[in-house]
There are 2 protein chains.
Amino acid sequence: MPRIVAERTDTLPTLAEIFREYGYNGASLSLISKATGLGKGSLYHFFPGGKAEMATAVLEEIEAWFQTNIFTPLLDTSDPACAITEMLDTVMAYFQSGQRVCLVGSLALNDPEDRFVSLVSRYFEGWINTLTQLFENAGYVDASDLAEQVVVEIQGGIVLTRALHNPALFQRRMEKLKQRIIALAERQD
Amino acid sequence: MPRIVAERTDTLPTLAEIFREYGYNGASLSLISKATGLGKGSLYHFFPGGKAEMATAVLEEIEAWFQTNIFTPLLDTSDPACAITEMLDTVMAYFQSGQRVCLVGSLALNDPEDRFVSLVSRYFEGWINTLTQLFENAGYVDASDLAEQVVVEIQGGIVLTRALHNPALFQRRMEKLKQRIIALAERQD
DNA sequence: TCCAATCTGTACTGATAAGTACAATCAGAA
DNA sequence: TTCTGATTGTACTTATCAGTACAGATTGGA
């Protein structure tokens with residue numbers, strides 16, 4: 001029997017896409033098996049805990065990705081306008097202008113049996129805290145408030161873009177958000 | 001066999017709560033049967049189309065409720081600050097400060113087989129269009145943009161509040177939103 | 001070459017899913 | 001009262017679910 005994947009890590013992107021597309025409950029093992037090309041034997045070999053463990057692994061990978069590609073760069077730059085612009089560009093690409101569901105947000109709305117509470121809250125806390133630090137460094141008043149606002153608009157933008165099938169909406173929201181933050185910066189000077 | 005409900009309308013609030021709590025896929029018929037106190041016989045008698053018809057009926061009732069309690073009052077008042085304040089109060093009560101999931105938003109993120117696209121988009125279009133009209137009447141610039149922004153913040157607020165189990169977040173967002181809109185109004189004069 | 005650990009497919013279990021069939025029961029009209 | 005149509009519970013079918021068991025295949029090292 002030929003080997004298909006070397007490590008379970010290789011399956012995580014596919015798993016993530018399935019969970020995003022069908023939701024946690026809608027993602028059945030047969031669907032997962034079809035999408036990954038792995039039989040049940042392999043799936044349970046890599047994830048003895050079944051679907052819950054798959055979702056946990058996916059969430060952890062997502063958090064790591066955000067840590068590397070979103071959070072860390074935010075604090076690298078000294079110019080907040082530049083940092084925010086860069087972040088929103090990455091965010092737009094990652095969520096495909098809101099057409100791609102945020103799995104963490106989706107699990108926030110519907111977490112079966114509260115399995116993923118801690119991972120979900122850690123993700124959003126991390127994001128908000130990093131943004132807060134950025135805004136504090138830049139001398140903004142109400143830094144944490146603004147940080148909260150940014151994440152709210154991203155999540156809300158995804159919901160509305162999905163609802164209206166209108167990626168332009170997401171792009172428009174992100175653009176306006178950027179302008180508002182930059183305008184606030186100028187007022188600080 | 002005793003009669004339990006007079007009309008299928010009576011079951012809609014319970015059905016709505018189930019779908020909100022467990023999501024469309026997570027709401028099994030046995031769960032629905034338990035929550036409503038109706039056996040399968042009754043459920044299929046009222047909703048021959050099964051779960052999909054239940055969800056459709058719920059969505060239609062939600063839309064009607066918003067039409068009456070949110071959209072119509074928005075255009076009744078001439079003062080936009082007053083109208084927005086009233087709306088946000090109703091919204092906060094309805095979504096229980098973000099602790100209660102927006103079923104339409106939840107279906108926007110995960111619509112199994114795109115069953116509810118038209119209902120979902122109609123709901124959000126109605127909301128945005130009404131707000132746009134309000135802002136236009138009040139002489140705001142970028143009325144439709146502001147309308148979009150309001151709905152985005154409500155949906156995003158729900159996601160984050162659910163994620164962080166922090167209803168204060170939702171209340172804070174709504175309060176800031178209100179202030180921002182009122183500030184914009186004053187700038188128009 | 002051969003062996004042990006890793007990987008994989010198939011076949012199975014028991015539970016639960018949606019949906020159907022139907023007889024029993026009810027309420028209200030005649 | 002009696003009848004009719006609306007309502008309800010139970011039992012059933014069929015499909016799919018998650019999860020287990022296990023034998024066969026593969027790989028890389030000894």
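**Notebook: the contact between chains A and B**

I began with the polar contacts, and between chain A and chain B I found 16 residue pairs in polar contact, both residues at pLDDT 80 or more; the term stands for a pair of N or O atoms within 3.5 Å, where within protein one must be able to donate a hydrogen and the other to accept it, and residues adjacent in sequence count only if both atoms are side-chain atoms.

I note that this is a predicted model, in which local features need pLDDT of at least 70 and side-chain atom pairs count only at pLDDT 80 or more, whereas totals for chains, interfaces and linings use all residues. Residues are numbered from 1 along each chain as its sequence is written, chains are lettered from A in the order in which they are written, and side-chain values use heavy atoms, with hydrogens and water left out.

I then asked which elements of chain A give two or more residues to the side that touches chain B. They are helix 1 (12–26), helix 6 (103–109), helix 7 (117–137), helix 8 (143–164) and helix 9 (167–188), helices being DSSP runs of H or I with at least four residues, numbered from the N terminus. Helix 8 of chain A gives the most, with 15 residues. By class, this side of chain A divides into 16 nonpolar, 12 polar and 12 charged residues, where Ala, Val, Leu, Ile, Met, Phe, Trp, Tyr, Cys and Pro count as nonpolar, Asp, Glu, Lys and Arg as charged, and the others, Gly among them, as polar.

Next I looked up the salt bridges (a side-chain nitrogen of Lys or Arg within 4 Å of a carboxyl oxygen of Asp or Glu), and the count between the two chains is 10. One of them joins the side chains of Asp145(A) and Lys176(B), at 3.8 Å from N to O.

For extent, I recorded that 40 residues of chain A are in contact (heavy atoms within 4.5 Å) with 40 residues of chain B. The buried area, meaning the accessible area (1.4 Å probe) that two parts lose on being put together, summed over both, is about 3,300 Å², and carbon and sulfur atoms give 60% of that.

Last, I checked the symmetry: a rotation of 180 degrees with 0.0 Å of shift along its axis superposes chain A on chain B, with an RMSD of 0.0 Å, by least squares on the C-alpha atoms of residues with pLDDT of at least 70 in both. The two copies are therefore related as by a two-fold rotation axis. Of the residues of chain A, Gly156(A) comes closest to that axis, with its C-alpha at 1.8 Å.
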